[in-house]
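Hello,

Here is the structure I promised to pass on. Please open it beside this note, and then read on for what turned up in it.

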Amino acid sequence: MARNSSGTKERLLDSFETLLDEHGAAGATLDAVAAKAGVSKGGLLYHFGSKAELIKGSLERLGSLVEEDVEMMKAAGDRLHMYYLETSAEVGTPLDRSLIAAGRLAQENDEAKNALRKTREAWFDVLNDHLGDPHLAQTVQLIGDGMYFNQNFGLSQDDALEHVKNVLARLGL
């Protein structure tokens, strides 16, 4: 097995996700991924035998990152919903990059759509378990979605999170 095989796989996935973000699925060719990662195309094919396998690897990474995020949410205890909202506007994190890549892939890939659906369901389930009210859980999730959208498109307001915290405090959350 190649030395530092795991590091090379991660670098390939990082490159793939970056290319998806910058150029969409059409620009994330095997040649482009290999070049961006600084490996030969043969090196890429050693780790991921096809673009379908690269997509699968990226979606598996998303699943792992979401599992980690759910555990972090649970570790926040009574502040679970606040943790979710506070991290909804984070950009540039591994989870954010993976979500953007899956979003790009979902435009033409049902597996990516399913991975995003599972992501939303995992977050909803933990919010619902914590809040004990599916309507409130969905509302908190939608607020997080809006914060994430605004942050990713440069539309965020500096005081948005503080505003949300004030409104939730009025609701007893």
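First, a definition: a pocket here is an open set of points, on a 1 Å grid over the protein atoms alone, where a 1.4 Å probe fits, with protein on both sides within 12 Å along at least five of seven lines; its lining residues have an atom within 4 Å of a point. Grid points are joined across faces, edges and corners, and a volume is the space filled by probe spheres set on the points.

Please note that this is a predicted model, in which local features need pLDDT of at least 70 and side-chain atom pairs count only at pLDDT 80 or more, while totals for chains, interfaces and linings use all residues. Residues are numbered from 1 along each chain as its sequence is written, and side-chain values use heavy atoms, leaving out hydrogens and water.

Let me start with the second largest pocket, whose volume is about 200 Å³. Helix 4 and helix 7 each supply at least two residues of its lining, and helix 7 has the largest share, with six residues. (Helices are DSSP runs of H or I, at least four residues, numbered from the N terminus.) Among the lining residues are Leu59, Val66, Lys118 and Ala122.

The largest pocket has a volume of about 830 Å³. Its lining has 31 residues, and Leu95, Asp96, Leu99, Trp123 and Tyr148 lie nearest its centre. Helix 6 (94-106) is one of the helices that supply at least two residues of this lining, and helix 6 gives the most, with seven residues.

Finally, look at Trp123: with contact meaning heavy atoms within 4.5 Å, Trp123 touches Val66, Met73, Leu95 and Leu99, among others, not counting residues up to four places away in sequence.

Enjoy exploring!
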